[in-house]
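I opened the notebook to follow charged side chains through this fold.

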Amino acid sequence: MTLRTRPLHPKFGQEVLDVDLAQLDKATFDAIYDLWRRDPLLLFRRQSLTEEELVAYSRGFGKLEVTARSDAHSPKTSEVIYVSPLKRSDGSAVGGLGSDELTWHTDQIYRERPATGSIFHGTEMPQGIGRTSFCNMVLAYRSLPDNLRQQVDESRARCKYGHKWMASFHALLDEDAVREVDDSTPPVVHEMALDVPGTDERALYISPNHTFAIEGMEEEEGRAFFDAVVEHAIRDDFVYEHNWRNGDVIMWDNGRLLHRREPFDETYPRFARRTTIFLDPQDFAVPK
């Protein structure tokens, strides 16, 4: 089956047209799976999914993760997190991540076995606020200078949710939520580049807000090296900026993309649901 698509960016990302994710036959689902395997970023507009339908759709791609931040879990199922600055009548937060800026990062790189697939359903998404950008790490790796690419191939980064290189990021988040994740996730080490199955490509696998050291390097040397890689990676021509609309579903592969969100005025109501998936390492770039 051939899906109707249009590009989101000249070099990556596809909007999939004329598909209702709540009513998929096997052939359409298989075509979506194959497209996601080939392109790390997919968009579906005007989707109306119940929480149960979102979970059922997500499970088709792999086992779902229960994320470490319990403050954002759906009361219906812990496999869904709510992303929202909204408050309940008692003043408690409806979801996680608030309205502050989220700097460039890769979800779950601070886990020994990261769940690298993300499906995000924006149900109430005022246009023009909270724009989210995605940066293609395959393109970034491909264009690295030879000497820097060799160093990346030979290096491993130490990652932690409560790291020290960008501690200011965590000052923006709820202290109890940060402590919960930090306490449950010890430091891990990951290769700085991943093979992309079925291709001869590799993808940078880095996270500016979760990295605190490079193995075998003193802190100053490691920081300088890491900063050079990040500066190269987040070039404008590798980035797609998404302006949300109600009903948008975006699927992204954290093994091949960085992402970030702009801050926004939280007096605007904003609410989304997200699932996190253990993608098949035979089909997707997954750290070993």
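Are D248 and R45 buried or exposed? I looked up both: D248 is buried, and R45 is buried too. I kept in mind that this is a predicted model.

I then checked how they pair. D248 and R45 form a salt bridge, with 2.7 Å between the closest N and O atoms. I placed the partners next. D248 sits in the loop between β15 (239-242) and β16 (249-253), and R45 in the loop between β3 (41-44) and α2. They are 203 residues apart, so I noted a link between distant parts of the chain.

Next entry: R274 and D107. Their side chains meet in a salt bridge at 3.3 Å, N to O. R274 belongs to strand β18 (residues 271-278), while D107 lies in the loop between β7 (102-105) and β8 (117-124), so the pair ties together parts 167 residues apart in sequence. I found both R274 and D107 buried.

I turned to E241 and R131. Their salt bridge has its closest N and O atoms 3.5 Å apart. E241 is in strand β15, R131 in the loop between β8 and β9 (132-136), 110 residues apart. E241 is partly exposed, at 44% relative accessible area. R131 is also partly exposed, at 25%.

I noted one network: K11, R235 and D237 are joined by salt bridges that share partners. My search of the whole structure gave 21 salt bridges.

Last, the helix. In α2 (residues 51-59) I listed E51, L54, V55, Y57 and S58 as the buried residues. Down the axis of α2 they fall within an arc of 165°, so they line one face of the helix.

Notes: Residues numbered from 1 in each chain as written. Predicted model: local features only at pLDDT ≥ 70, side-chain atom pairs only at ≥ 80, totals over all residues. Heavy atoms only, no water. Buried < 20%, exposed > 50% of the residue type's maximum accessible area, 1.4 Å probe, protein only. Helix = DSSP H or I, 4+ residues; strand = E, 2+ residues; numbered from the N terminus. Arc of directions from axis to C-beta. Salt bridge = Lys/Arg side-chain N within 4 Å of Asp/Glu carboxyl O.
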